[in-house]
Amino acid sequence: MGVELEYGEVSAVDYPGCRIRVRLDDRDGVQSYWLNVPQRNTQGTKRRPLMPELGEQVAVLLDADGVGGVYLGGIYSTAEPPPVVDANTDYVRFSDGTVSTYDRAAGVMTLDCVGALLLKCGRNITVEAGEPVVVNAPSATLNIPDVNLNGNLKMKGILQVDGNITATGTIMDAGGNSNHHQH
């Protein structure tokens, strides 16, 4: 009983069963039986099944009668070339346009999310950077009961306070006024 490497297009996807059917090029477009899709982790550590998409060009290994087989992976072609061919770049583009890229030569990771980004953590979050951190946004809201700032605060713009200001040192403005002046 021999096995054959064949190519085709994904014609059906069974996510719960981690199986696909393939329209086989070398068999005049006949659709395969359900083929298992190998997964990276299936015990202990588990992941969402990594499944090919409908219409994706794939390679499969089939038994001689074409009944049993296994999916080997998607394949690029001249009609559908790889999006990035740099050996130093890991790249994922999701169907909605979100892109995750890591360029290990430059040491730069980029996440370009077309929707919202939500980061949740049940414990501490620490951000460390060897260079200044820049945040660009039209506005920001911090819903934090207590904020401790260890260092200098420089600000351009208007300071609006809805509440009291308490200071233990001297408050001076550019004109030399302090909290000790009298009217």
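Two strands count as paired here if DSSP finds at least two bridges between them. What we are looking at is a predicted model.

First, the strands. β9 and β10 run antiparallel and are joined by 5 bridges. Within that pair, Val99 stands opposite Asp112 in β10. The two strands make a hairpin with 4 residues between them, and Gly107 there takes a positive phi near 70°.

On to β8. Strand β8, residues 89-93, pairs with strand β9, residues 99-103, in the antiparallel sense, again over 5 bridges. Tyr91 stands opposite Thr101 in β9. This is also a hairpin, with 5 residues between the strands, and Gly97 in the turn has a positive phi of about 105°.

Those were glycines. Most residues other than glycine have a negative phi. Which loop holds Cys18? Cys18 lies between β1, residues 3-14, and β2, residues 19-24. Cys18 is not a glycine, yet its phi is positive, about 50°. Cys18 counts as buried because its relative accessibility is 18%, and the cut-off for buried is under 20%.

Asp28 is the next one to check. Its phi is about 55°, positive, and Asp28 is not a glycine either. The residue is found in the loop between β2 and β3, the latter being residues 35-36. Buried or exposed, then, for Asp28? Exposed, because its relative accessible area is 78%, where exposed means over 50%.

The largest pocket holds about 1,500 Å³ of space. It is lined by 34 residues, and the closest to its centre are Leu50, Met51, Glu53, Glu56 and Arg93. The elements giving two or more residues to that lining are β7, residues 69-74, and β8.

Between β7 and β8 there is a loop, and Tyr76 is found in it. Tyr76 has a relative accessible area of 55%, so it is exposed. For a distance to check in your viewer, the C-alpha atoms of Tyr76 and Leu61 are separated by 17 Å, with the two residues 15 apart along the chain.

Last, the surface. Met155, Leu159, Val161, Ile165 and Ile171 form a nonpolar patch there, and together they have about 500 Å² of accessible area. Leu159, one of these, sits in the segment after β10, which covers residues 108-112. Leu159 is exposed, because its relative accessible area is 60%.

That is the end of the tour.

Note on methods: Residues are numbered from 1 along each chain as its sequence is written. This is a predicted model: local features need pLDDT of at least 70, side-chain atom pairs count only at pLDDT 80 or more; totals for chains, interfaces and linings use all residues. Side-chain values use heavy atoms; hydrogens and water are left out. Patches are made of residues with over 30% relative accessible area and no salt bridge: like charges are joined within 9 Å, nonpolar side chains (Val, Leu, Ile, Met, Phe, Trp, Tyr) within 5 Å. Accessible areas come from the Shrake-Rupley method with a 1.4 Å probe; for residues, only the protein chains shown count as cover. A salt bridge is a side-chain nitrogen of Lys or Arg within 4 Å of a carboxyl oxygen of Asp or Glu. Buried means under 20% relative accessible area, exposed over 50%, partly exposed in between (1.4 Å probe, protein chains only). On a 1 Å grid over the protein atoms alone, a cavity is a set of points where a 1.4 Å probe fits but cannot get out, and a pocket is an open set with protein on both sides within 12 Å along at least five of seven lines; lining residues have an atom within 4 Å of a point. Grid points are joined across faces, edges and corners, and a volume is the space filled by probe spheres set on the points.
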